[in-house]
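The following note was prepared for a colleague who wishes to read this structure with care.

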Amino acid sequence: MTKSKLMVQLGDDYNDGMIYIPRNIMHSKLGDKAKLVYSVYNQYETRDMNFIFKQLDIEVKDVVKAYRKLIKAGWIEEEEYTPQDIKREVLTREKQLKCEWCHEGSLVLHSHHYPIPKRLGGEEVVNICPNCHYAFHSLESQLI
Ligand SMILES: [Zn+2]
Ligand SMILES: [Zn+2]
């Protein structure tokens with residue numbers, strides 16, 4: 001974790017742009033990333049992962065992991081999502097992941113065994129978007 005955004009204040013004052021780490025979580029056994037994610041969640045009263053991500057110098061997947069840990073540990077209450085909520089998330093989330101092949105942003109990447117297929121003992125993988133992955137296997141079935 002980078003130190004630049006980890007500015008701790010123990011007083012009750014908020015300083016602009018600072019992430020205030022509440023005393024109770026500061027003394028918990030959670031990891032630094034979970035503490036930071038909780039602090040942003042708490043300070044800005046938001047569950048918006050993109051917003052939380054932008055406040056911190058950590059990767060999106062670490063924000064998501066930290067968030068899940070916080071729910072498990074009872075710091076953040078679990079919310080029920082409807083299919084409509086999830087659709088909205090899919091449409092509004094920024095496509096932070098980059099496909100190794102087409103270099104397009106994607107919400108999801110697949111690990112695909114390449115250049116040697118898994119069934120032939122391949123261990124090397126590329127992380128590609130579902131489009132490229134689908135196209136590969138679809139062409140493969142037509143060409144081979
Ligand atoms: Zn792609
Ligand atoms: Zn594949």
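1. His 103 lies in the loop between β1 (97–98) and β2 (105–106). This residue is not a glycine, yet its phi is positive, near 65 degrees. His 103 has 9 C-beta neighbours inside 10 Å and therefore counts as exposed, the cut-off for that class being 12 or fewer.

2. The model is a predicted one, and its confidence values deserve attention before other details are considered. Mean pLDDT for the protein chain is 86, with 88% of the residues at 70 or more.

3. Where pLDDT is low, predicted coordinates should not be read in detail.

4. As to overall organisation, the protein chain contains six helices and four strands. Their order along the sequence is α-α-α-α-α-β-β-β-β-α. Of the 144 residues of the chain, 15% count as buried. Among contacts between residues at least 6 apart in sequence, 37% join residues at least 24 apart.

5. How do the axes of α2 and α4 cross? Helix α2 (residues 32–44) and helix α4 (residues 60–72) have axes that come within 9 Å and cross at roughly 85 degrees. The two helices are therefore roughly perpendicular to each other, since angles of 65 to 115 degrees fall in that class. On the side of α2, the contact is made by Lys 33, Ala 34, Val 37 and Tyr 38. On the side of α4, the contributing residues are Asp 62, Val 63, Ala 66, Tyr 67, Lys 69 and Leu 70. By class, the residues of this contact comprise seven nonpolar, three charged and no polar.

6. Helix α4 also holds Val 64. This residue has 14 other C-beta atoms within 10 Å and is therefore partly exposed, a class that lies between the limits of 12 or fewer for exposed and 20 or more for buried. Val 64 and Met 49 are separated by 15 residues in sequence, while their C-alpha atoms are 7.4 Å apart in space.

7. A further positive phi should be noted at Glu 45, where the value is about 50 degrees although the residue is not a glycine. Glu 45 is located in the loop between α2 and α3 (49–55). Is this residue buried or exposed? Glu 45 is exposed, because 7 other C-beta atoms lie within 10 Å.

8. The peptide bond that joins Tyr 114 and Pro 115 is cis, with omega about 5 degrees. Pro 115 is placed in the loop between β3 (110–113) and β4 (125–128).

9. Helix α6 (residues 130–143) consists of 14 residues. From its first C-alpha to its last, α6 reaches 20 Å, close to the 20 Å expected at 1.5 Å a residue. Of the 14 residues of α6, one is buried, so the helix lies largely in the open.

Definitions and conventions: Residues numbered from 1 in each chain as written. Chains lettered and ligands numbered in written order. Predicted model: local features only at pLDDT ≥ 70, side-chain atom pairs only at ≥ 80, totals over all residues. Axes fitted to C-alpha atoms, helices over the stretch in contact; angles between N-to-C directions. Parallel < 35°, antiparallel > 145°, perpendicular 65-115°, else oblique. Contact = placed C-beta atoms within 7 Å. Nonpolar A, V, L, I, M, F, W, Y, C, P; charged D, E, K, R; others polar. Expected span 1.5 Å × (residues − 1). pLDDT = per-residue confidence, 0-100.
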